[in-house]
Amino acid sequence: KLELMKSLAIESPYTEKEFFALNSAEIVEQLFEKVYKNYREKSQLIADKAYPVIKEVFERNIQFENIAIPITDGIKSINAIANLKKASENGGKEINLAIEKSISLGNIDESWKDHLREMDDLKQSVQTATYEQKDPLLIYKFESFELFKTMLQKINKDITSFLIRGNLPLQDPSTVQEAKAPRGIDNTKLKEERTDLLAQSHSDTQGPRTAEPVKREEKKIGRNEKIKVRYNDGRIVEKKYKMVEHELKRGACQIIN
């Protein structure tokens, strides 16, 4: 029930008895029908809400080719780029296509960058496998394949969740702006950051600052220390921390002691 609310923004359509009476294929099929129906209805509401704004901007003969449409799921926000003429001519259907495309590409791009960083970390950590008389290349291949599968699962879940939960605020036609390509570095922001750094540097020269005690939130676990972990399939095992470090990072298990 909690996972359905978090990811798909719906209440569970099953009682506990019904859930255990059905097989997984039936549950998936019924959930898909319910979620997809809700998604199409929400998409139509988004088109109905945005179309009057799109139409008014288009009829004002403003020389915009594309427009940026804000969309948020309550946590993240993106701008979906839609063609103004197409969105005006097809009753706002182009808006939902633009939202789906922007959310999908944005999530894939973000997840791929995180994956590359994890691969770099893995490359460094497998070097210690030789001390345990194991083949670093074999471990690297196995772990990298698991990381890739985890990334695909995360992409699918994040895109689906964002598409279903995403919505757009009511937009005033006077505030609509043309969507433009990135123009590189924001000089205004750089100036603000430089001013903050100069102010901080000036305050540092005024005298010593009182050092505050460092508070440690968590106990640091040694690489050879044994810990208990619970895997996502329910298994509970006790291993050295270094043996499950990467599984913990990718969310395959969690420490229970």
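Rings of Phe, Tyr and Trp (its six-membered ring) are taken as a pair if their centres lie within 6.5 Å, and the pair is stacked with planes under 30 degrees apart, edge-to-face over 60 and tilted for the rest. The model is predicted, so local features need pLDDT of at least 70 and side-chain atom pairs count only at pLDDT 80 or more, while totals for chains, interfaces and linings use all residues. Residues are numbered from 1 along each chain as its sequence is written, and side-chain values use heavy atoms, with hydrogens and water left out.

Two aromatic pairs are present in the structure. The pair of Phe 19 and Phe 20 is edge-to-face because the ring centres are 5.4 Å apart and the planes stand at 90 degrees. Phe 20 is exposed, at 63% relative accessibility, and Phe 19 is partly exposed, at 40% (buried is under 20% relative accessible area, exposed over 50%, partly exposed in between; 1.4 Å probe, protein chains only). Phe 32 and Tyr 36 form a stacked pair, 5.6 Å centre to centre with 10 degrees between the planes. Both residues belong to helix α3 (residues 24-59) and are four residues apart, about one turn of the helix; helices are DSSP runs (H or I, at least four residues), numbered from the N terminus. Phe 32 is partly exposed at 48%, as is Tyr 36 at 44%.

Trp 112, Leu 116, Phe 148 and Leu 152 make a nonpolar surface patch of about 350 Å². Helices α5 (93-125) and α6 (136-165) each give two or more residues to the patch. Patch residues have over 30% relative accessible area and no salt bridge, and nonpolar side chains (Val, Leu, Ile, Met, Phe, Trp, Tyr) are joined within 5 Å; a salt bridge is a side-chain nitrogen of Lys or Arg within 4 Å of a carboxyl oxygen of Asp or Glu. Accessible areas come from the Shrake-Rupley method with a 1.4 Å probe. Leu 152 lies in helix α6 and is partly exposed, with a relative accessible area of 38%.

Definitions and conventions. Patch = residues over 30% accessible without salt bridge, like charges linked within 9 Å, V, L, I, M, F, W, Y side chains within 5 Å.
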